[in-house]
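Dear colleague,

Please read them with the model open beside you.

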Amino acid sequence: MILGLGCDIVHLPRITALLSRTRAKDCALPLNAPVLVHQARVDHFASFIFGGTESSEMKAFQAAFGKRDESRERTQRLTRYLASRFAVKEACFKAMYLHYSLQWADVVISRSERGKPEVSLSKHITEKLGPISSHVSISHDGEYAMATVIFEK
């Protein structure tokens, strides 16, 4: 039985603006223009939406591209990474809103052995609602990242 379906789309310039102390309208083409992201802003944004295991995955992601490397490619990848995770969590909120009001820490995003995104809900939610399985899809295209989540019982 499907409990809910949620979908969210994120405009990457909005995330770039959050990470770079730049107004969103000045980040109109974040994928083509070099934009300097500030590590303190990245850390603050990540701490806002990520829990323990997600923070470790983010650190591993950053280490793979060099934390101090400010190349355009690093900025693009980091922005897409954060935007897609944000979109997944927002999609989860929308999918569960009739059953439970989720908090950021209630949703944990991980990867399967094959790299497919997976979502698990915190223990207190599964104790209340019973076992819940999820299906997650993330897409990127140009200046957008999108996520769809289905929860079923």
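Which residue in strand 5 does Ser139 stand opposite? In this model, which is a predicted one, Ser139 faces Met146 of strand 5. The two strands concerned, strand 4 and strand 5 (residues 144-152), run antiparallel and are joined by nine bridges.

They belong to an open sheet of three strands, whose order is 1-5-4 and whose pairing is antiparallel. Strand 1 (2-11) and strand 4 (133-141) are the edge strands, each of them pairing on one side only, and neighbouring strands of the sheet are turned against each other by 10° on average, with direction ignored.

Two helices that lie across strands of this sheet deserve a look. Helix 1 (residues 12-20) lies across strand 1 and strand 5 and runs at about 70° to strand 1, whereas helix 4 (residues 72-96) lies across strand 1, strand 4 and strand 5, at about 145° to strand 1.

Helix 1 also packs with helix 2 (residues 39-49), at an angle of about 120° and with the axes 7 Å apart. Helix 1 contributes Ile15, Ala17, Leu18 and Leu19 to the contact, while helix 2 contributes Arg41, Val42 and Phe45. Sorted by class, this contact of helix 1 with helix 2 has six nonpolar residues, one charged residue and no polar ones.

Conventions: Residues are numbered from 1 along each chain as its sequence is written. This is a predicted model: local features need pLDDT of at least 70, side-chain atom pairs count only at pLDDT 80 or more; totals for chains, interfaces and linings use all residues. Side-chain values use heavy atoms; hydrogens and water are left out. Two strands pair if DSSP finds at least two bridges between them. Helices (H or I, at least four residues) and strands (E, at least two) are DSSP runs, numbered from the N terminus. Axes are lines fitted to C-alpha atoms, for helices over the stretch in contact, and angles run from 0 to 180 degrees between N-to-C directions. Contact means heavy atoms within 4.5 Å. Ala, Val, Leu, Ile, Met, Phe, Trp, Tyr, Cys and Pro count as nonpolar, Asp, Glu, Lys and Arg as charged, and the others, Gly among them, as polar.
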